[in-house]
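Subject: Model handover

Hello,

Here is the model we talked about. Please open it alongside this note.

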Amino acid sequence: MKKLLTLALVGAMLTATGITAFAVDYPGGTQNTEITTSVEPTFTVTVPADTTVPFNALSTEFGSVELESARLAPDKAVQVTVTSDYNLNNSIDDTVVIPYSLNTAEEAVDADYAATFTTAGEKVDLTINITQADWDAAAAGDYGDTVTFNIAYVDEEL
Amino acid sequence: MKKIAVMLLAVLLFCVPCMTAFAAPTEQKGATISTTVPATCDITFISVGGRIEEYSSVVDDHETYDRRTVHTYHIIPEEGKEIAKVLFGGEDVTSQVKDGYFTTPALTTDMTLEVIYKDAGTPVEPVSEPTSEPTSEPTSEPTSEPTKPDTSKPDSSKPDSSKPDSSKPDSSKPDSSKPDSSKPDTSTPEQSGSTDTSTPQSSDNSDTAKTGDTTTATAFVIITATAVSAAFIIVLAKSRRKETE
């Protein structure tokens, strides 16, 4: 009985609260009713797929970061940053590395890099670059590294 | 004690929905970069008009060596021939040939060693620059001097202008001097330039971050949490009072 009472009370509180929150009081006379709606922002960002760098390749296409579709607020943007240690680690001994760099057509990608998109179709092409000296110095074996793309919905910087 | 638990529960109910509502809309997606560095290098030998020896044994057309090793070859022209040009990885290394011996730099990639001969006594043609640059610079100069200088061979660096150049090197293999490393590795990027097109709502592999107008939802969550907490406290207080009575 006590439990039933508790449940009923909770249910009543919930319902009452909901009704109160959305209630519109009409004491008489002219009243303005504000109609509001909201459109949720949505967007799709594509990032490069897993890539194998051919041995001795100085520059390899990594793919693109692209704002494929977007419905953003006017003062908002989609920002993509990249996190990586920029070393390909040997699968047996991760202290043995091949340094690499990521580059756009205009600049190097580093910790300070951020690509900001506001319109669908905007994209940045990335390349993986390894110098010949680093290839020559590399020990035999398999190497790998994970690049993390951080995608955020941010205020547009004007 | 029970009151404290109730208060904690109420605070928890109040806070947790709020934190969720204001969570930063950031998503992360990873891509893997991988590569394989071979343990060996192949050297392809081209020597028409003579032979190339290593450790006094004639080399095959191809030899496989451990990477970053250094090798010395003895270039021995046929009778009546002499060395006209030596190309290693497409680079003219004729000047590095001493008494018929050539020592490679440390091998880092597949290479081709091509020796071009001319009739003994014919003038040396001006050495033209290779059409294709080698993909790898030598990482070290040869350190080992030839151990068995062949003093019987004529010095090919001394031109004899009295004879025309009638024995031109085999020009039918113009590409043979190109280093093998110029060939693209067959393990091309799996999806170079491709993109992950997964959409946010339907896939775990999503690259999409969604945000919305959270004001209304947040207010409703706060009100609801408050109401539930209050109701819970009241009910528990009542039940406790009854128990004490």
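Start with chain A. Read along the sequence, its elements run α-β-β-β-β-β-β-β-β-β-β-α-β. That comes to 2 helices and 11 strands. Keep in mind throughout that this is a predicted model.

Chain A has 158 residues, and 25% of them are buried.

Chain B follows the pattern α-β-β-β-β-β-β-β-β-β-β-α. It holds 2 helices and 10 strands. Of its 245 residues, 24% count as buried. For chain B, 81% of the contacts with a separation of 6 or more are between residues 24 or more positions apart.

**Confidence**

For the complex, the predictor gives an ipTM of 0.77 and a pTM of 0.55. The average pLDDT of chain B is 67, and 50% of its residues score at least 70. Two stretches of chain B deserve a flag. Residues 15–24 of chain B have a pLDDT below 50, and this stretch has 9 contacts beyond near neighbours in sequence. Residues 127–213 of chain B also stay under 50 in pLDDT. The model has 184 contacts beyond four places in sequence for residues 127–213 of chain B.

**The cores**

Which residues of the largest nonpolar core touch the most other members? They are Val45(A), Val65(A), Val78(A), Val80(A) and Phe149(A), out of 31 residues in that core. From chain A, strand 1 (42–46), strand 3 (59–71), strand 4 (76–83), strand 9 (114–117), strand 10 (123–129) and strand 11 (141–155) each supply at least two residues. Strand 1 (26–37) of chain B also supplies at least two. Strand 11 of chain A gives the largest share of this core, with 5 residues.

There is a second, separate core of 19 residues. Its members include Ile75(B), Ala84(B), Phe88(B) and Leu113(B).

**Strand 7 of chain B**

Strand 7 of chain B covers residues 81–88. How many of its residues are buried? The count is 8 of the 8, so strand 7 of chain B is largely enclosed by the rest of the structure.

Strand 7 of chain B runs antiparallel to strand 10 (residues 111–119) of chain B, and 7 bridges join them. Within that pair, Val86(B) stands opposite Val115(B).

Strand 7 of chain B also pairs with strand 8 (residues 91–92) of chain B. That pairing is antiparallel too, over 2 bridges. Leu87(B) has Asp92(B), in strand 8 of chain B, as its bridge partner. The hairpin of strands 7 and 8 of chain B has 2 residues between the strands. In this hairpin, Gly89(B) takes a positive phi near 65 degrees.

**The open sheet in chain B**

Chain B has an open sheet of 4 strands, in the order 4-3-6-9, with antiparallel pairing. Strand 4 (57–58) and strand 9 (101–103) of chain B stand at the edges. Each has a single partner strand, so one side of each is left without a neighbour in the sheet.

Strand 3 (residues 50–54) of chain B pairs with strand 4 of chain B in the antiparallel sense, over 2 bridges. There, Glu53(B) has Val58(B) as its bridge partner.

Most residues other than glycine have a negative phi. Two residues here go the other way.

- Asn56(A) has a positive phi, near 70 degrees. Asn56(A) sits in the loop between strand 2 (51–53) and strand 3 of chain A. Asn56(A) counts as buried because 24 C-beta neighbours fall inside 10 Å.
- Asp99(B) has a positive phi, near 55 degrees. Asp99(B) lies in the loop between strand 8 and strand 9 of chain B. Is Asp99(B) buried, exposed or partly exposed? Asp99(B) is partly exposed, with 15 other C-beta atoms within 10 Å.

**Where to look first**

Then turn to strand 7 of chain B, where 8 of the 8 residues are buried. Keep the pLDDT under 50 in mind for residues 127–213 of chain B.

Best wishes

How values were computed: Residues are numbered from 1 along each chain as its sequence is written. Chains are lettered from A and ligands numbered from 1 in the order in which they are written. This is a predicted model: local features need pLDDT of at least 70, side-chain atom pairs count only at pLDDT 80 or more; totals for chains, interfaces and linings use all residues. Two strands pair if DSSP finds at least two bridges between them. A nonpolar core is a set of buried Ala, Val, Leu, Ile, Met, Phe, Trp, Tyr and Cys residues joined through C-beta atoms within 7 Å. A residue is buried if 20 or more other C-beta atoms lie within 10 Å of its own, exposed if 12 or fewer, and partly exposed in between; C-beta atoms are placed from the backbone. pLDDT is the predictor's confidence in each residue, from 0 to 100. Two residues are in contact if their C-beta atoms, placed from the backbone, lie within 7 Å.
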